[in-house]
Amino acid sequence: AHERSTHQVAPSTVEAITVLGIAAIKAGCILWEFMEVRAAPLWLRRLSEGWLASLWLTIVIVYLA
């Protein structure tokens, strides 16, 4: 017997993830332009990008849990 997956993603979840993604891009732009990470050493740029990515991922995981 073929069982269908009952786990479906609600449209509101897709919208929330999209909004969180846009917010992460905006935060990245703020870091890059106004906090002048663009002119910072490579290690600081990578650290700030990693921090932003891990923050976004943590928020998404908490939202989906």
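Modeller: Quick ground rules: it's a predicted model, where local features need pLDDT of at least 70, side-chain atom pairs count only at pLDDT 80 or more, and totals for chains, interfaces and linings use all residues. Residues are numbered from 1 along each chain as its sequence is written, and side-chain values use heavy atoms, with hydrogens and water left out.

Biologist: Is Thr13 buried or exposed?

Modeller: Thr13 sits in helix H1, residues 11-33 (helices are DSSP runs of H or I, at least four residues, numbered from the N terminus). Buried means under 20% relative accessible area, exposed over 50%, partly exposed in between, with a 1.4 Å probe and protein chains only. Thr13 has a relative accessible area of 18%, so the label is buried.

Biologist: Leaving aside neighbours within four places in sequence, which residues is Thr13 in contact with?

Modeller: Contact means heavy atoms within 4.5 Å. With those neighbours set aside, the partners of Thr13 are Tyr63 and Leu64.

Biologist: How many salt bridges are there?

Modeller: The rule wants a side-chain nitrogen of Lys or Arg within 4 Å of a carboxyl oxygen of Asp or Glu. Glu33 pairs with Arg38 at 3.2 Å, N to O, and Glu49 pairs with Arg46 at 3.1 Å. The count comes to 2.

Biologist: What separates Glu49 and Arg46 along helix H2?

Modeller: Helix H2 covers residues 42-64. Glu49 and Arg46 are 3 residues apart in H2, so what separates them is about one helical turn.

Conventions:
Helix = DSSP H or I, 4+ residues; strand = E, 2+ residues; numbered from the N terminus. Expected span 1.5 Å × (residues − 1).
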